[in-house]
Amino acid sequence: MTTTVTPPVPGRRRRTPLARREARWAYVFLAPWIVGLLVFTAGPMIASLWLSFTEYDVINAPSWTGLDNYRQLVSDPQVARSLGNTVYYTALHVPLVMLISLGLALLLKRVGRWQGFFRTVFYLPVMTPAVAVGILFLLLLNTQDGLINRGLALLGIDGPSWTTDPDWVLPGIVLMSLWSLGSTVIIYLAALQNVPRDLYEAADLDGAGPWARFRHVTLPMISGSLFFTLIVNTIASLQMFTEVYTMYFGNRQTQNSFDSDAASFYVIYLFQQAFQFLHMGFASAMAWLLFLIILIITAVQVKLSNRFVYYEGEDR
């Protein structure tokens, strides 16, 4: 009797019992994350997308309104104003944080034995609660008694009204945001310490000066970290909320002493529409507009990164 043996299908392997068992355990350990993603992220996102086409005030059942909320986004001047403030803040905050952090990281690299101490000092402000930061800078930026204006007075400079003058409210908020640049400093310091020394030695042999070494060696080798912080800081800036709300909208002393439009950020206006006026449908439409803006900006940044970001081992 002849036995016919079926040849194995090319390109297809049968998994061993051990591999199947490992795969099952992998799904078991991933299950909490998968459930959390579905319940706390994907589920609310889908619900928010549906609510953006409805009129919903939490008390009554949602009623379908189609694209009315999105039409209101275009016609509401406060949406454009708050979005403009947010973009203005982002355009100032992100470059300043990156430049100052890079300068501080370059200084930290030269500190030597005290580097660990200064790393801790720079990172501690990041651990400060955002509400506390808002209250702290409300005191520091006070026109009469604020420490910043007192320091400027010692230099013979008449300090501006940081919290009441519409022209200085946003620059004051940008100044406050520099308080928490410690995490960016640490990222840049780690990137600088990973630049191979032999590249600097080769540049020295070629007669490169400090600026040439920084431009042609340091910047390309840390460009991945620069790109990462660019994306992260941009996304965080476009979602600025807690510190500004604490300073201007959650404080009774400042609510009546400043132009609310000057400190109106997009997420603050979204929060007001959702939880103050109970316009949940309109707030959901605002949230999806912000999501699309962040998605487009990030996609543009990723596209441009192909020209400016260097990855070691990548063919150019």
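**Salt bridges, surface patches and annotated segments**

Aspartate 68 and arginine 71 are joined by a salt bridge, with their closest N and O atoms 2.7 Å apart. Keep in mind that this model is predicted. Why can these two residues reach about one helical turn? They sit 3 residues apart in helix 2, which spans residues 68–75, so about one helical turn separates them. Now look at how open each partner is. Aspartate 68 has a relative accessible area of 41%, so it is partly exposed. Arginine 71 has 51% and is exposed, because the cut-off for exposed is over 50%.

How many salt bridges does the count come to? The count is 2. Arginine 213 and aspartate 204 also meet through their side chains in a salt bridge, at 2.9 Å from N to O. Arginine 213 is partly exposed, with a relative accessible area of 22%. Aspartate 204 is partly exposed too, with 43%.

Next, turn to charge on the surface. Which residues gather in a patch of positive charge? They are Arg14, Arg15, Arg20, Arg21 and Arg24. Find arginine 15 in the segment before helix 1. Helix 1 itself covers residues 17–51.

Pick out phenylalanine 40, which lies in helix 1. Is phenylalanine 40 buried or exposed? Its relative accessibility is 68%, so phenylalanine 40 counts as exposed.

Now bring in the record. The unreviewed UniProt entry carries the annotation "transmembrane region" for residues 25–53, 87–108, 120–141, 168–191, 221–241 and 277–300. Take two of these stretches and look at the chain. Residues 120–141 are 68% helix and 0% strand. The C-alpha atoms at the ends of that stretch are 26 Å apart. Residues 168–191 are 83% helix and 0% strand. Here the end C-alpha atoms are 35 Å apart.

Finally, go to isoleucine 100. Where is isoleucine 100 found? This residue is in helix 3, which runs over residues 77–109. Isoleucine 100 has 33% relative accessibility, so it counts as partly exposed. Compare its place with that of phenylalanine 228. Along the chain, isoleucine 100 and phenylalanine 228 are 128 residues apart.

Definitions and conventions
Residues numbered from 1 in each chain as written. Predicted model: local features only at pLDDT ≥ 70, side-chain atom pairs only at ≥ 80, totals over all residues. Heavy atoms only, no water. Patch = residues over 30% accessible without salt bridge, like charges linked within 9 Å, V, L, I, M, F, W, Y side chains within 5 Å. Areas by Shrake-Rupley, 256 points an atom, 1.4 Å probe, with all protein chains shown as cover. Salt bridge = Lys/Arg side-chain N within 4 Å of Asp/Glu carboxyl O. Lys, Arg positive; Asp, Glu negative; His and termini not counted. Charge placed at Lys NZ, Arg CZ, Asp CG, Glu CD. Helix = DSSP H or I, 4+ residues; strand = E, 2+ residues; numbered from the N terminus. Buried < 20%, exposed > 50% of the residue type's maximum accessible area, 1.4 Å probe, protein only. UniProt positions renumbered as here; feature names shortened; annotations may be inferred.
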